[in-house]
Amino acid sequence: MQQLRHMAEKEHEYVCHLLLMPASLQKAVGVMALRAGYNLAKPSYNIGPRQIEHFSIHVVQEGSVLLQYGSHSVTLNQGDLFCLMPHITYRYSIADPARPLRMNWLALDGMQLPELIARAGFTREQPYVRQALDDKLAFILRCLFRLYESEAGGNDSLAGQERRTGHDLQELILLLRLFEHLSRRTASSRPLLGKRPAQDWLHRSREYINLHYMEGITVADAVRHAGVQRSHFSTSFTEHFGISPLHYLQRLRLSKGAQLLRETALSVTEISSTIGYSDLYSFTRAFTKQYGISPSGYRKNSSI
């Protein structure tokens, strides 16, 4: 992948820049590769100080590099990765001119990138991960660069205005595999932090209910999703959100039922089944208790 015959000689390095045009699929998903490249640094290699507008993951393939960001500096060695964050001033240079420095990089953008970058272990406070380059990651990178080079012709030209058939999906899968692999390594290398903060599992539990309340779920399902005792779940949920999980679930269903009564011609039976009630009687009883009127009466009044 990194051969001098594919690189252009610059003042401080031999380098291959691949400028990419994201396909519509990457734009829709929110994971786009904008640039890729690799280099062999000269002893005078020094980049910055400068900023970029996107995320750029750099892989130290050989040698060592001195990364400076804000008031911090760190020396990174073969197998380490660092990520340049948007709108952060950085500078990096060869750490030991007596040893060759080779790197790859991949500049990325899209609405999913902040989450993916965080899951991969990069933060603004510590934008690097140690010894993350293993055989699997190297294979994923080789596949990506082989794909990019085939589109760019292996030189500095603008890569493929339109992805070849199937390449856009192949590229997206490889990019997601890259982040999935980094996320797993990062998670396995973190020390156990004990129990998750209450706000974490509570908000995730509420999100679970919001997503699936029309599927006939019960509070017991939400409890199993949270992984806590039912009594603790109910008490914590009620204290945090000001409503019991049972009443919250019921409120979601009945609010949706009222909307469907107002805005659709679905029968009351169809609405009952749609919003997760097991039978019409249960829906009618709960709706009447909540709104002081039967579903049929509510629909009739709404149409006046």
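I took a pocket to be an open set of points on a 1 Å grid over the protein atoms alone, where a 1.4 Å probe fits, with protein on both sides within 12 Å along at least five of seven lines. I joined grid points across faces, edges and corners, and took a volume as the space filled by probe spheres set on the points.

Basis of the entries. The model is predicted, so I required pLDDT of at least 70 for local features and 80 or more for side-chain atom pairs, while totals for chains, interfaces and linings use all residues. I number residues from 1 along each chain as its sequence is written, and side-chain values use heavy atoms, without hydrogens and water.

Entry 1, the largest pocket. I find a volume of about 270 Å³ for the largest pocket. Its lining (residues with an atom within 4 Å of a point) holds 16 residues, and His-17, Arg-50, His-58, Tyr-92 and Trp-105 lie nearest the centre. Two or more lining residues come from each of β2 (13–19), β3 (32–41), β4 (46–50), β5 (55–62), β9 (90–94) and β10 (102–109). Strands here are DSSP runs of E of at least two residues, and helices are runs of H or I of at least four, numbered from the N terminus. Strand β2 gives the most, with three residues. I sorted the lining into nine nonpolar, four polar and three charged residues; Asp, Glu, Lys and Arg count as charged, Ala, Val, Leu, Ile, Met, Phe, Trp, Tyr, Cys and Pro as nonpolar, and the others, Gly among them, as polar.

I note eleven helices and eleven strands. Of the 304 residues, 44% count as buried, that is, under 20% relative accessible area with a 1.4 Å probe and protein chains only; exposed is over 50%, and partly exposed lies in between.

Helix α8 (residues 245–263) has 19 residues and reaches 27 Å from its first C-alpha to its last, close to the 27 Å expected at 1.5 Å a residue. The expected span is 1.5 Å times one less than the number of residues. I list among its buried residues Pro-245, Tyr-248, Arg-253 and Gly-257.

I looked up the cis peptide bond that joins Gly-48 and Pro-49, with omega about 5 degrees; Pro-49 is found in strand β4. His-87, not a glycine, has a positive phi of about 65 degrees. I place His-87 in the loop between β8 (81–84) and β9, and His-87 counts as exposed because its relative accessibility is 52%.
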